[in-house]
Amino acid sequence: MAELIPTSPAHGLTPFTLADVALHEGAMIPIWSIAPYRGQEKTVAAHLQKTMGLGFPPPGALLSKGAVTIAWSGYDQAFLMGGAPDPGLSAHAALSDQSDAWARLILSGPLARAVLARLVPIDLSAAAFPVGAATRSMLGHMNLLILHADEGVFTLMIYRSMAATAVHELSQVMRMVSARAAI
């Protein structure tokens, strides 16, 4: 009998917890890319506000309402997570279901920033990356979208095919940071 590949990109690799930092895989949720057509940015924002109760996020930000989040994910692009866009939005924006393309890893705890600081080449200090921030960067050699929706909690969105590598890199740094904190 054929052995099926688990649907979870980080199957068996998480949760991983050490002292003051934890890593687990976020639930698989709908993820939609929304890219407004040229000149349609305000119309898209108004449509999202009317249908979802959330506008289009400004660069570097995320907006949440209940279980639905919309986060800036690049130039004139946002990811809608936890819900699906109204089909009428397709007249004003390119819509693409990205649900199967991404793994969501949740890094949390007092040492979460210290772990990320060793792997991500941007300033993630509280002043530069407060709650409500979203950014594209790299985790080592892997493309990454970082969402900071709650204090001490970072959602790391990484391509599904890189989930095992990301968990390995994060767990190695978690060990180093936890060992240093224990001294």
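Trainee: Which residues touch the most other members of the largest nonpolar core?

Mentor: Of its 30 residues, Leu-105, Leu-107, Leu-116, Leu-139, Leu-156 and Leu-170 do. Bear in mind that this is a predicted model, where local features need pLDDT of at least 70 and side-chain atom pairs pLDDT 80 or more, while totals for chains, interfaces and linings use all residues. Numbering runs from 1 along each chain as its sequence is written, and side-chain values use heavy atoms, leaving out hydrogens and water.

Trainee: What makes a set of residues a nonpolar core?

Mentor: The members are buried Ala, Val, Leu, Ile, Met, Phe, Trp, Tyr or Cys, joined through side-chain atoms within 4.5 Å. Buried means under 20% relative accessible area, with over 50% exposed and partly exposed in between (1.4 Å probe, protein chains only).

Trainee: What is Leu-116 in contact with, beyond its neighbours within four places in sequence?

Mentor: Leu-116 meets Leu-107, Leu-124, Leu-139, Phe-154, Leu-156 and Leu-170; contact means heavy atoms within 4.5 Å.

Trainee: Why is the pair of Phe-129 and Phe-154 called stacked?

Mentor: Rings of Phe, Tyr and Trp (its six-membered ring) pair if their centres lie within 6.5 Å, and planes under 30 degrees apart count as stacked, over 60 as edge-to-face and the rest as tilted. Here the centres are 6.4 Å apart and the planes are at 15°, so Phe-129 and Phe-154 are a stacked pair. Phe-129 sits in the loop between α2 and β9 and Phe-154 in strand β11, 25 residues apart.

Trainee: How many aromatic pairs does the structure hold?

Mentor: There are 3. Ring pairs also link Phe-79, Trp-102 and Tyr-159 into a cluster.

Trainee: What does Arg-113 touch, not counting residues up to four places away in sequence?

Mentor: Arg-113, in helix α2, touches Leu-124, Ser-125, Ala-126, Phe-129, His-148, Glu-151 and Phe-154.

Trainee: What makes a space a cavity or a pocket?

Mentor: On a 1 Å grid over the protein atoms alone, a 1.4 Å probe fits in a cavity but cannot get out, whereas a pocket is an open set with protein on both sides within 12 Å along at least five of seven lines. Lining residues have an atom within 4 Å of a point.

Trainee: What volume does the largest cavity have, and which element gives the most to its lining?

Mentor: The largest cavity has about 60 Å³, and β8 leads its lining with 3 residues. Trp-102, Ala-103 and Arg-104 are among the lining residues.

Trainee: And which residues are closest to the centre of the largest pocket?

Mentor: The largest pocket is about 290 Å³, and of its 16 lining residues Ser-64, Thr-69, Arg-104, Ala-149 and Thr-155 are closest to the centre. β10 gives the most to that lining, with 3 residues.

Key:
Points joined across faces, edges and corners; volume = space filled by probe spheres on them. Helix = DSSP H or I, 4+ residues; strand = E, 2+ residues; numbered from the N terminus.
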